[in-house]
Amino acid sequence: MNLPSFLWLWKIAAWSMGLSITGYLLLAFSGIYLWKNRTEKKPRPSWLRPFHWITGTILVILILILLSIGLMGTIGYYGSLGHSWHLPAGLTVVTLVLLSAWTSTQIHPSRPWARKLHVNVNIALFFALLAVGLTGLFVVQKYLP
Ligand code: HEM
Ligand code: HEM
């Protein structure tokens, strides 16, 4: 990739991040809605569960796209990785989102830990997303004209 700059790549990153944050918020609202219906023993609308897991799958895909953009862009520019706190923050987000998706497949009345872990991992994911977003906005400055 011999382009004047990687700006176009970081623009895709910024847009994907916007979509990821939107996805996270939709997951938080639909997750709280799932939880409310369960604790109040109300029937849940039939669209709610598929909505939650389809949005979740989209979030996982977006984060993996962001990971590959970050890795490709950094290797293309520097030829190596690990130039800021953005790397550990990014790897944390990827780990947590995969853990969240895995715990969601384990949610079942016979495994009460799975639901608890799913919720706690997603609270941690909030802070990790905040960290990766802020460090990402910080490192993107040097690519701006
Ligand atoms: C990473 C992608 C995600 C997937 C694939 C996923 C999937 C699931 C599934 C299958 C359930 C079980 C629904 C049921 O009880 O039938 C669930 C529950 C839940 N999820 Fe997610 N989820 C994801 C991300 C999130 C995020 C980011 C949040 C919050 C910010 C969240 C919050 C919740 C909550 C609060 C519940 C309900 C727990 C309860 O009933 O006490 N999820 N999720
Ligand atoms: C979930 C979201 C994200 C993940 C998982 C992620 C992941 C990564 C990773 C693993 C790297 C390599 C870092 C290194 O080796 O030093 C990287 C680099 C980079 N990312 Fe991200 N990233 C995310 C969001 C963002 C956002 C929102 C921006 C801002 C637009 C951004 C801009 C950059 C830039 C400019 C670099 C080059 C690093 C440098 O010049 O030091 N990233 N990303």
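1. In this predicted model, helix α2 passes helix α3 in a left-handed crossing. Helix α2 covers residues 48-78, and helix α3 covers residues 86-106.

2. Two packed helices are described by the angle between their axes and the distance between the axes. For α2 and α3 the angle is about 155°, and the axes lie 10 Å apart. Angles over 145 degrees count as roughly antiparallel, and α2 is therefore roughly antiparallel to α3.

3. Which residues make the contact between α2 and α3? On the side of α2 they are L59, V60, I63, L64 and L67. Helix α3 contributes L91, V93, V94, V97, L98 and A101. Sorted by class, this contact has 11 nonpolar residues, with no polar and no charged ones.

4. The iron atom of ligand 1 is coordinated by H52 (NE2) and H118 (NE2), at 2.0 Å. H52 belongs to α2 and H118 to helix α4 (residues 112-140), so this pair ties together parts that are 66 residues apart in sequence.

5. What is the arrangement of the donor atoms around the iron atom of ligand 1? The 6 donor atoms subtend angles of 88 to 179°, and the arrangement is therefore octahedral. For comparison, the ideal angles for six octahedral donors are 90 or 180 degrees.

Terms used
Residues numbered from 1 in each chain as written. Chains lettered and ligands numbered in written order. Predicted model: local features only at pLDDT ≥ 70, side-chain atom pairs only at ≥ 80, totals over all residues. Heavy atoms only, no water. Helix = DSSP H or I, 4+ residues; strand = E, 2+ residues; numbered from the N terminus. Axes fitted to C-alpha atoms, helices over the stretch in contact; angles between N-to-C directions. Parallel < 35°, antiparallel > 145°, perpendicular 65-115°, else oblique. Left-handed = near helix turned anticlockwise from the far one by under 90°. Contact = heavy atoms within 4.5 Å. Nonpolar A, V, L, I, M, F, W, Y, C, P; charged D, E, K, R; others polar. Donors = N, O, S within 2.8 Å, 3.2 Å for Na, K, Ca; no water. Tetrahedral: all angles 85-135°; square planar, octahedral: opposite > 155°, others 65-115°.
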